[in-house]
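Here are my notes on this one, for anyone opening it for the first time. Have a look at the structure, then read on.

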Amino acid sequence: MEIVLALVIGGLFAGGVYMLLRRNLVKLLVGLILLGHGANLLIFLMGRLIPGRPPLVPVNATQPVGLFADPLPQALVLTAIVIGFGLQAFALVLARRLYQSAHTDDLDQLRTTET
Amino acid sequence: MNIFVLLPILIPLITTIGVLLARQRPRLRRNLSLGGAGLLLIVAIELLVLVWRDGIQVIQVGEWAAPFGITLVADLFSAMMVLLAAVMGLGVIIYSQATAEQRAEHFGYSALLHFILMGVNGAFLTGDMFNLYVWFELLLIASFVLLVLGGRRDQLEGTFKYVAINLFGSILFLVAVGILYGVAGTLNMADLADQLNSLPSGLVTTLAMLFLVAFGIKAGAFPLFFWLPASYHTAPAALLALFAGLMTKVGVYALVRVFTLFFTQDTGYTHTLILIIAGFTMVTGVLGAVAQTEFRKLLSFHIISQIGYLLMGLGLFSTAALGGAVYFMVHVILAKSALFLVGGIIYKLRGTYNLKQLGGLSILYPGLALLFLIPALSLAGIPPLSGFWAKFALVQAGLAAEQYVIVAVSLGVSLLTLFSMTKIWAEVFWKDQPGKETPVQAVSFIPHQAGVSMLVPVGVLAAILVVIGLLAEPLVNLSLLVAGQLLNPADYIETVLGGVL
């Protein structure tokens with residue numbers, strides 16, 4: 001299962017980078033979103049896949065016994081998803097406003113602030 | 001439990017909420033904003049005094065013991081950066097009283113300024129890598145909104161580039177944090193310093209490179225700086241001063257933190273690379289600046305070249321060099337911001353940032369010319385101003401380390417900095433105003449139109465620059481103390497982990 005997830009992450013990164021290299025405003029954002037998903041999955045995978053073993057502490061013990069799923073990466077991923085969602089939503093709105101005011105979605109034509 | 005470590009984050013948060021609630025009442029909002037910034041400054045001074053006197057201060061948030069919970073740590077470096085952020089915050093907020101438009105204020109301009117201060121202070125004080133990511137994102141999203149307020153086309157365009165590259169940098173940061181957790185099993189910085197020693201150095205160096213790229217984007221280091229001159233100059237002057245002073249320095253702070261605390265296994269490789277990056281950052285930044293004829297763009301390129309000096313201190317990796325970098329940090333934050341604020345006053349007087357259309361201001365307003373000249377000469381490194389001591393310390397450290405190339409580069413870049421500052425001086429202040437045949441008579445020492453709230457912050461910043469130049473010794477000693485603490489992290493680790501391991 002790890003292999004499959006690793007391949008999925010690799011695919012997401014490859015796709016994301018490919019989309020980033022397009023000249024289109026929206027495709028650039030799609031690329032960033034794909035990369036974000038890849039990063040989230042990577043953190044999830046870094047916690048090791050241990051299904052069916054919740055990190056619960058048995059009665060009269062101070063820590064979970066045996067093999068248990070690490071809850072921390074999932075907490076991290078949750079935070080990262082929320083932050084990523086907010087930023088991506090903002091970026092989408094920004095791209096829309098930029099398209100409305102510049103009348104183009106070609107990144108090569110959006111160069112007025114550069115020299 | 002030390003509440004002073006928490007207050008620099010709490011005060012801006014409460015102020016943000018207060019300012020948002022008082023949005024419909026301008027006078028109350030203004031007073032709240034000023035009060036919050038003033039209180040933050042007092043707390044920051046108190047924190048620095050406390051850390052200086054009693055050593056490193058730690059809070060384990062929620063009473064979770066060190067490697068498991070979120071840790072907030074204030075060592076001398078953090079405390080100093082928090083103090084600088086507070087000084088800048090107060091200055092910019094006072095300055096903004098005169099310049100902020102009603103429309104921008106309606107969308108929460110001052111609330112966002114405080115929010116940025118919260119994010120910056122959080123990034124300085126945290127002792128946990130993932131928490132650092134969260135603070136970065138907080139200050140980034142506030143800065144996105146501030147940059148785009150106004151909604152002109154160039155602002156939208158500049159902000160889009162800023163957003164895109166920073167999102168990419170954040171994703172890299174997140175990936176690096178994920179892998180770091182995967183290999184070390186901890187994200188607490190002090191714990192990482194312990195854990196990484198037992199890992200193969202190739203793996204650690206790979207991780208170090210990921211962090212170098214992620215933080216390099218935020219800091220505007222070569223070759224990752226192109227977003228900065230493309231986006232910063234679209235913002236109003238007060239905002240630019242805050243961004244120039246603080247935002248990139250948070251990236252440098254993060255670099256210094258990780259490369260002194262836990263990425264120190266293979267310094268021969270990583271820190272030499274940082275030194276090379278530093279050299280290129282200085283040169284490309286200053287060459288970009290020389291080619292510009294627009295006040296804000298020129299200074300934006302200068303931000304980059306100054307980042308090079310800070311990285312040079314980190315790359316040389318000795319107490320003297322890091323001390324020089326810390327001193328440089330204080331100097332450059334103040335000088336850079338003062339220059340942008342003067343730019344804002346000139347814009348208010350003349351309605352343009354274009355050097356070709358400006359002129360004659362030194363006769364009209366000698367006081368304003370002086371306010372520009374002090375930070376400009378300081379930035380170029382003219383003795384006895386603060387920039388001279390900062391560069392002197394770095395050059396001396398470079399000679400001691402026998403890194404002659406970087407020393408030569410830094411000296412050459414200083415010369416070019418002086419050249420571009422002279423260019424601004426000659427174009428804006430010295431030459432006659434274009435379109436006027438007869439030279440104008442002096443109107444007043446300082447411009448009345450600019451208003452007290454615009455002039456006072458610039459005056460205070462310039463005064464601090466002169467003071468830390470003429471009385472450099474206490475600050476140099478403090479900088480060396482900071483550097484010593486950074487290079488001997490045993491104390492930091494001991495305090496954070498508190499004997500857990």
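1. I started with charges: across the interface of chain A and chain B, 0 salt bridges turn up, where a salt bridge means a side-chain nitrogen of Lys or Arg within 4 Å of a carboxyl oxygen of Asp or Glu. Bear in mind that this is a predicted model, where local features need pLDDT of at least 70, side-chain atom pairs count only at pLDDT 80 or more, and totals for chains, interfaces and linings use all residues. Residues are numbered from 1 along each chain as its sequence is written, chains are lettered from A in the order in which they are written, and side-chain values use heavy atoms, with hydrogens and water left out.

2. What does chain A bring to chain B? Helix H1 (2-20), helix H2 (25-46) and helix H3 (71-102) of chain A each give two or more residues to the side that touches chain B (helices are DSSP runs of H or I, at least four residues, numbered from the N terminus). H3(A) has the largest share, 16 residues.

3. As for the extent, 39 residues from chain A and 35 residues from chain B take part in the contact, meaning heavy atoms within 4.5 Å. Together the two chains bury about 3,100 Å², 78% of it on carbon and sulfur atoms; buried area is the accessible area (1.4 Å probe) lost on being put together, summed over both parts.
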